[in-house]
Amino acid sequence: MRNDDVEIFAIGTELVTGLILDTNSHWLAGEVAVAGGDVRRITALADDFDALTAELRAAVGRRARVIITTGGLGPTPDDLTVEAVAELAGCGIHTPRDVLEDYARRRGISLEEASSPPRLKMGTVPAAARVHLNPVGWAPCFMVQVEDSSVWCMPGPPREVQGCFRAHIQPVIERMFAGQSARLRVFIDAHESETSPLMQSVMRRIPAAYLKAYVGMSSPEGLPVDIVVRSEDGVAPKELLQQAYDEFCAVAAESGKTVTMEAPAGS
């Protein structure tokens with residue numbers, strides 16, 4: 001039986017030495033959960049070829065269904081993610097012409113200018129990769145299938161992680177786990193600090209549920225909260241979702257707060 005685990009790897013010596021805070025993994029874990037995935041492991045790694053290949057191979061050995069990496073796709077010699085994933089997949093590396101053409105078009109430069117050594121390195125991917133153009137940066141996102149694992153790689157800058165994930169990876173995860181998860185957007189008339197303990201209460205009582213509030217998206221309707229569930233022990237996702245929704249409404253009411261459902265599109 002295939003493993004449905006998702007693993008996240010944050011790659012960069014600056015992360016493990018404490019020079020840079022790894023905000024990407026925190027953000028991705030929440031987004032993957034909302035999309036229906038089940039994150040089981042988050043790992044930070046230095047820019048070390050042997051360590052990268054060993055840890056990625058171990059994740060494949062654990063039969064993680066989705067492996068997501070961030071970082072190590074830049075132009076400098078210590079950016080080694082492409083080489084490590086190529087080694088994992090048993091293939092070479094190359095620079096697709098459409099990646100260079102996309103960069104030249106967006107930057108308004110010639111293909112020759114787009115083919116400088118640093119840009120060529122940032123456009124290089126494993127030969128076995130399925131390439132997805134970066135909507136907000138240069139180095140492309142790519143996916144390589146290795147045994148039972150889909151290995152997705154993105155650049156490290158948070159803006160590019162978020163752009164690539166939303167454009168390319170999130171839809172795949174949502175389709176992949178569609179039959180095992182269900183979700184609902186609701187609003188609560190409370191601040192995040194008041195809502196957090198209510199969400200934690202629901203997640204303690206219903207372990208299959210994950211709740212996430214979006215403080216930056218508050219509106220007159222209230223604070224938006226996504227309720228996401230993954231099926232367990234044969235219980236239908238929609239049944240679990242109803243249980244989680246009812247529980248959230250109940251604990252909110254106990255605190256004098258009201259939960260409302262998101263209005264249907266077009267209403």
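Contact is defined here as heavy atoms within 4.5 Å. Helices (H or I, at least four residues) and strands (E, at least two) are DSSP runs, numbered from the N terminus. The structure is a predicted model, in which local features need pLDDT of at least 70, side-chain atom pairs count only at pLDDT 80 or more, and totals for chains, interfaces and linings use all residues. Residues are numbered from 1 along each chain as its sequence is written, and side-chain values use heavy atoms, with hydrogens and water left out.

Helix α8 (residues 158–176) contains a kink of about 50°, centred on F165; the bend at a residue is the angle between axes fitted to the seven residues ending there and the seven starting there. F165 itself belongs to the buried residues of α8, which also include E160, V161, G163, C164, H168, I169, Q170, I173 and M176. The buried residues of α8 pack against α2 (23–35) and against the strands β3, β6 (130–132), β7 and β8.

Two packed helices are described by the angle between their axes and the distance between the axes. For α9 (residues 192–205) and α10 (residues 237–254), the angle is about 140° and the axes are 9 Å apart. Axes are lines fitted to C-alpha atoms, for helices over the stretch in contact, and angles run from 0 to 180 degrees between N-to-C directions. The two helices, α9 and α10, are therefore oblique to each other, given that angles under 35 degrees count as roughly parallel, over 145 as roughly antiparallel, 65 to 115 as roughly perpendicular and the rest as oblique. From α9, the residues T195, L198, M199, S201, V202 and R205 meet A244, E247, F248, V251 and A252 of α10.

Positive phi values occur at two loop positions. Most residues other than glycine have a negative phi. In R63, however, phi is near 65°; R63 lies in the loop between α3 (49–61) and β3 (66–70) and is partly exposed, at a relative accessible area of 32%. In E147, phi is near 55°. E147 is placed in the loop between β7 (141–146) and β8 (149–154) and is exposed, with 65% relative accessibility.

A further loop residue, P96, is located between β4 (93–94) and α5 (97–107). P96 counts as buried because its relative accessibility is 9%. Beyond its neighbours within four places in sequence, P96 is in contact with G123, V125 and V131.

How values were computed: Buried < 20%, exposed > 50% of the residue type's maximum accessible area, 1.4 Å probe, protein only.
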